[in-house]
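User: Please take me through one part of this model slowly. I would like to know what it is made of and what surrounds it.

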Amino acid sequence: MFELELQAVFIDRDGTIGGTGHFIHPRDFVLYDGALDAIHLLKGKGIKVFAFTNQHRISKQQASEEEFREQFLSYGFDDAFICPHGSTEICNCRKPKPGMLHRAAAAYDLDLAKCAVIGDVGDTDILAAHAVGALKVLVKTGWGMGSLTDYRSSWAEVVPDYIAENLLDAVNWLLFRRL
């Protein structure tokens, strides 16, 4: 088995670590079973774990970036990269643009080709990962099944490296089953 040195894993929030795929305020957010175990597995292997999320409700003042950051740190994430912009605002960080990944790479001296992205939306999470050459893992939770069926045409040119049942399956594949 070829072992790629995995420097960091970027994990989406809504629909990937918990919630419904829709906005839920950090104080009301509930993690999926196994999500904390997945984060702890990565950290136990010395791999950085970063949140990687679009949260346009920040721009609508329905939650603050600090509330999200505190939530992620309480789960054990090393840092959080959050796009607060709405879809009509011009920025380089809103997924599928890879700005958050580039910002993390600069801050933590990462080679993004030695990183992975785990998310439930093909046309945002997976396209952002593809843009920087990171491993692409799609989970079937949240919007994942819809990404694979109803919305597959919006990211048809990209194939995930792995399709996982959930976050824990994704992390186990990254750590133990990569070829």
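Predicted model: local features only at pLDDT ≥ 70, side-chain atom pairs only at ≥ 80, totals over all residues.

Analyst: Residues are numbered from 1 along each chain as its sequence is written, and side-chain values use heavy atoms, leaving out hydrogens and water.

Start with the strand itself. Strands (E, at least two residues) and helices (H or I, at least four) are DSSP runs, numbered from the N terminus. Buried means under 20% relative accessible area; exposed is over 50%, and partly exposed lies in between (1.4 Å probe, protein chains only).

In a regular strand the side chains alternate between the two faces of the sheet. Here Cys115, Val117 and Gly119 point one way, and Ala116 and Ile118 point the other way.

Look at Cys115. Its relative accessible area is 0%. A disulfide is a pair of cysteine sulfur atoms within 2.5 Å. The closest cysteine sulfur to that of Cys115 is in Cys93, 18 Å away, so a bond is out of reach. The model has zero disulfides by this rule. Cys93 is in none either: the nearest cysteine sulfur, in Cys83, is 3.3 Å away.

Now the neighbours. Two strands pair if DSSP finds at least two bridges between them. β4 pairs in the parallel sense with β1 (residues 8–11) over four bridges. There, Ala8 stands opposite Cys115. Four bridges also join β4 to β5 (residues 135–139), again running parallel. On that side, Val117 stands opposite Lys136, and Ile118 has Val137 as its bridge partner.

Step back to the sheet. Its six strands form an open sheet in the order β3-β2-β1-β4-β5-β6, with parallel pairing. β3 and β6 are at the edges with a single partner each, so one side of each has no neighbour in the sheet.

What links β4 to β5? Helix α4 (residues 122–132) does, in a right-handed β-α-β unit. Right-handed means that, with the strands pointing away from the viewer, the path from the first strand over the helix to the second runs clockwise. α4 also packs on the sheet, touching β2, β4 and β5. Contact means heavy atoms within 4.5 Å. The direction of α4 makes about 165 degrees with that of β5. Such angles run from 0 to 180 degrees between N-to-C directions, along lines fitted to C-alpha atoms, for helices over the stretch in contact.
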